[in-house]
Amino acid sequence: RVVVVEDIATTGGQVLEAARDIAATGATVTSIIAVVDRLQGARAHIEEAGFVFDSLFTVRDLGIDPDQD
């Protein structure tokens, strides 16, 4: 059983690739945890792939508006 920890999750592409590689070895990925979720689609992509996702913080928690250019 493995928990994958990601520093910053944007779209989730890299951590999904890692989780799939780990699962291919026979391990069970129980969840993916990001330190910071940039709120740019990572949660949706990771959960659509069948993994549990959580983050310690979002950019909003850090006072950053993800919708501001």
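1. Two strands count as paired if DSSP finds at least two bridges between them. Helices (H or I, at least four residues) and strands (E, at least two) are DSSP runs, numbered from the N terminus. This is a predicted model, in which local features need pLDDT of at least 70 and side-chain atom pairs count only at pLDDT 80 or more, while totals for chains, interfaces and linings use all residues. Residues are numbered from 1 along each chain as its sequence is written, and side-chain values use heavy atoms, with hydrogens and water left out.

2. The sheet. Three strands make an open sheet, ordered β1-β2-β3, with parallel pairing. The edges are β1 (2–9) and β3 (53–58); each has a single partner strand, so one side of each lacks a neighbour in the sheet. On average, neighbouring strands are turned by 20° against each other, direction ignored. Here axes are lines fitted to C-alpha atoms, for helices over the stretch in contact, and angles run from 0 to 180 degrees between N-to-C directions.

3. Seven bridges join β1 and β2 in the parallel sense. Between β2 (residues 29–37) and β3 there are five bridges, also parallel.

4. Ala9 and Asp37. Ala9 belongs to strand β1 and stands opposite Asp37 in β2. Asp37 in turn stands opposite Thr58 in β3. Are Ala9 and Asp37 buried or exposed? Ala9 is buried, at a relative accessible area of 2%. Asp37 is buried too, at 3%. The classes are buried under 20% relative accessible area, exposed over 50%, and partly exposed in between (1.4 Å probe, protein chains only).

5. Distances from these two residues. Ala9 and Ala34 lie 25 residues apart in sequence, with C-alpha atoms 6.0 Å apart. Asp37 and Val52 are 15 residues apart along the chain, and their C-alpha atoms are separated by 14 Å.

6. Nonpolar patch. Which residues make the nonpolar surface patch of about 620 Å²? They are Val3, Val5, Val35, Leu56, Phe57, Leu62 and Ile64. The elements giving two or more residues to the patch are β1 and β3. Ile64 sits in the segment after β3 and is partly exposed, at 46% relative accessibility. Patch residues have over 30% relative accessible area and no salt bridge; like charges are joined within 9 Å, and nonpolar side chains (Val, Leu, Ile, Met, Phe, Trp, Tyr) within 5 Å. Areas come from the Shrake-Rupley method with a 1.4 Å probe; for residues, only the protein chains shown count as cover.

7. Salt bridges. The whole structure holds two salt bridges. The criterion is a side-chain nitrogen of Lys or Arg within 4 Å of a carboxyl oxygen of Asp or Glu. One joins Arg43 and Glu47 at 3.2 Å, N to O. These residues are four apart in helix α2 (residues 42–48), and therefore separated by about one helical turn. Arg43 is partly exposed at 33%, as is Glu47 at 40%.

8. Asp67 and Arg60. Asp67 forms a salt bridge with Arg60, with the closest N and O atoms 3.6 Å apart. Asp67 counts as exposed, at 59% relative accessibility.
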